[in-house]
Amino acid sequence: MRAIGLASAVLLGAGALTSCVPAADAAIQTDFGFSVMPSTVAAGGEVTLRVERNEACQGEAAVNSEVFDMVTIPPEESWATAVVDWDAKPGAVYDVEFECDESSGTARLTIAGGRPTHHPTHHPRHPHKGVHAGEGGTLAGFDLKEIGLGAALIAGSLGVAYHFSRRRTDEDAG
């Protein structure tokens with residue numbers, strides 16, 4: 001009987017943890033791939049904007065954000081660079097919208113504290129190819145309300161699991 005109680009507690013805890021994932025941070029599916037590298041940059045810094053060319057993105061790609069001027073990526077290219085405005089607020093998270101042919105998607109760009117110490121003068125023809133990755137372990141999309149709600153759900157599920165695992169039936173007592 002203890003194994004059933006333990007299994008119930010584990011399943012209840014797993015359910016509580018999976019329900020704590022905020023919907024806003026879910027991956028947005030588009031018909032083409034895109035990225036902003038790096039995803040965190042200081043005001044005045046430079047970012048590389050990439051699109052993955054496929055059937056859904058063959059024409060000119062437009063990249064727009066309130067933190068830099070609109071950038072167009074010609075059909076024969078898959079990347080371009082943009083300089084982040086000097087007055088971008090440190091710690092702020094800005095949306096970067098990619099539009100190509102009939103598809104669009106949004107990435108996030110976080111502004112780090114401080115200013116870049118140098119301005120790059122060398123721009124390689126083809127930047128280093130890296131892994132197409134998301135925000136990783138960042139906490140950019142979380143706020144205190146979501147963290148508190150998640151903690152309350154986890155604490156409640158652990159309390160209920162403890163209660164049911166400690167509850168004695170007539171068979172166990174006798």
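A hairpin of 2 residues takes the chain from strand 4 to strand 5. Pairing here requires that DSSP finds at least two bridges between the strands. The model is a predicted one, with local features reported at pLDDT of at least 70, side-chain atom pairs counted only at pLDDT 80 or more, and totals for chains, interfaces and linings taken over all residues. Numbering starts from 1 along each chain as its sequence is written, and side-chain values rest on heavy atoms, with hydrogens and water left out.

Zooming out, the chain has 3 helices and 8 strands, with elements taken as DSSP runs numbered from the N terminus (helices: H or I, at least four residues; strands: E, at least two). Read from the N terminus, the order is α-β-β-β-β-β-β-β-β-α-α.

Another open sheet is built from 3 strands in the order 1-3-6, with antiparallel pairing. Its edges are strand 1 (34–37) and strand 6 (79–83), each with a single partner strand, so one side of each is left without a neighbour in the sheet. The twist in this sheet averages 20 degrees from one strand to the next. Strand 1 is joined to strand 3 (residues 46–51) by 4 bridges, and V36 faces L49 of strand 3.

L49 turns up again in the largest nonpolar core, a set of 27 residues where L49, F68, F98, L109 and I111 touch the most other members. Such a core consists of buried Ala, Val, Leu, Ile, Met, Phe, Trp, Tyr and Cys residues joined through side-chain atoms within 4.5 Å. At least two core residues come from each of strands 1, 3, 4, 5, 6, 7 (93–100) and 8 (103–112), and strand 7 gives the largest share, 4 residues. Leaving aside residues up to four places away in sequence, I111 touches a set of residues including V41, V67, V84, P90 and Y94; contact means heavy atoms within 4.5 Å.

Aromatic pairs number 2, with rings of Phe, Tyr and Trp (its six-membered ring) pairing if their centres lie within 6.5 Å, and planes under 30 degrees apart counting as stacked, over 60 as edge-to-face and the rest as tilted. F32 and F34 make a tilted pair, at 5.8 Å centre to centre and 55 degrees between the planes. Both of these residues, F32 and F34, are buried (under 20% relative accessible area; exposed is over 50%, partly exposed in between; 1.4 Å probe, protein chains only). Ring pairs also bring in F98, giving a cluster of F32, F34 and F98.

Across the 174 residues of the chain, 28% are buried. Of contacts between residues at least 6 apart in sequence, 62% link residues at least 24 apart.

Key:
Axes fitted to C-alpha atoms, helices over the stretch in contact; angles between N-to-C directions.
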